[in-house]
Amino acid sequence: MGGYAGYVWPCFAFACVVLAWNLWSARRFHAAARVRAGRALAMAAGAES
Amino acid sequence: MWTWFYKLASPPYVYGAAAALAPWFLGLAVLTIGYGLVAGLVFAPPDYQQGDAFRIIYVHAPSAWMSLFSYTSMAIAGAIALIWRIKMGHAVAAASAPIGASFTLLALVTGSLWGRPMWGTYWAWDPRLTSELILLFLYVGVMSLRPAFEDPARGDRAAALLGIVGAVNVPIIHYSVQWWNSLHQGATVAKLGKPSMPGSMLLPLLSMLVGFMLFYGAVLCMRVQGEVLNRERQAKWVREAIKS
């Protein structure tokens with residue numbers, strides 16, 4: 001990297017971390033919302049019966 | 001056209017469309033980012049002035065572009081929600097904010113690491129850098145404002161308003177290098193006439209930009225699904241949706 005490795009590689013490493021965090025947090029957010037929706041529907045079904 | 005537009009007001013339609021699009025966006029993002037990384041890091045020649053340090057452009061420029069694109073999308077979604085009272089607009093705006101904030105942070109950090117060898121400093125209160133930092137604060141403000149209200153509908157409206165008002169910062173960031181004296185270099189690709197880069201450097205950059213946009217689309221779809229479920233958890237259609 002012509003003497004710039006100490007600047008170039010951390011940029012790409014941080015980009016990987018940011019992209020991975022985005023993917024992980026979006027999946028976790030969706031999964032948590034599914035669990036909450038499931039609980040809300042179960043409670044509503046329990047209240048009806 | 002209006003039929004399609006009004007379909008966006010339907011939570012089951014938005015949820016289904018987001019679920020169908022996310023894997024396609026993600027698959028295409030992996031391909032384009034993969035090509036951009038290999039071509040940018042291995043095959044692109046070093047810059048005649050900046051040497052190999054210029055390769056930081058392959059993550060810095062796409063993340064900076066995406067920070068503006070994401071904010072503009074958030075502001076437009078907020079405006080649609082306020083003007084046409086389409087609640088899904090608030091869901092898209094809420095989903096867009098954390099993604100945009102992360103791209104803004106990435107642009108600031110990579111810009112700082114690029115600035116050290118080129119300008120001799122990690123940070124300067126330069127118009128482009130300062131306005132990009134303000135963009136990060138606006139994202140944080142929008143994300144903090146929404147849950148600050150007990151009534152979620154009021155939180156949505158307040159966040160949408162802040163998003164729309166803050167959109168004035170987007171053209172300031174874009175044109176800051178033309179309007180004021182700036183350490184930051186001028187436009188390389190998005191300018192009238194020919195881009196000031198040879199094809200061997202430009203193609204990986206465009207590939208990374210397309211890849212980042214597709215990645216944004218994929219993550220936005222996943223987050224929108226979560227937002228829709230959080231807002232519609234009492235609806236009957238949700239039962240079928242979470243079974244699949």
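**Reading rings and sulfurs**

A search of this whole predicted structure turns up 0 disulfides over all chains.

Q: Let's move on to rings. What describes a pair of aromatic rings?
A: You look at the distance of the centres and the angle of the planes. Over all chains, this structure holds 8 aromatic pairs. One of them is B:F103 with B:F212: the centres are 5.6 Å apart, the planes make 35°, and the pair is tilted.

Q: Which parts does that pair tie together?
A: B:F103 belongs to helix 4 (residues 87-119) of chain B and B:F212 to helix 8 (residues 199-231) of chain B, so the pair links parts 109 residues apart in sequence. Both B:F103 and B:F212 are buried.

Q: What about B:W123 and B:W125, how do their rings meet?
A: Planes over 60 degrees apart count as edge-to-face. These two have planes at 80° and centres 5.4 Å apart, so that's the label they get: edge-to-face. B:W123 is partly exposed, with 28% relative accessibility, while B:W125 is exposed at 66%.

Q: Which ring does the charged end of B:R223 sit over?
A: That would be the ring of A:F29, with the charged end 5.4 Å from the ring's centre.

Definitions and conventions: Residues numbered from 1 in each chain as written. Chains lettered and ligands numbered in written order. Predicted model: local features only at pLDDT ≥ 70, side-chain atom pairs only at ≥ 80, totals over all residues. Heavy atoms only, no water. Phe/Tyr/Trp six-rings, centres within 6.5 Å; stacked < 30°, edge-to-face > 60°. Helix = DSSP H or I, 4+ residues; strand = E, 2+ residues; numbered from the N terminus. Buried < 20%, exposed > 50% of the residue type's maximum accessible area, 1.4 Å probe, protein only. Lys NZ or Arg CZ within 6 Å of the ring centre and 35° of its normal. Disulfide = S-S within 2.5 Å.
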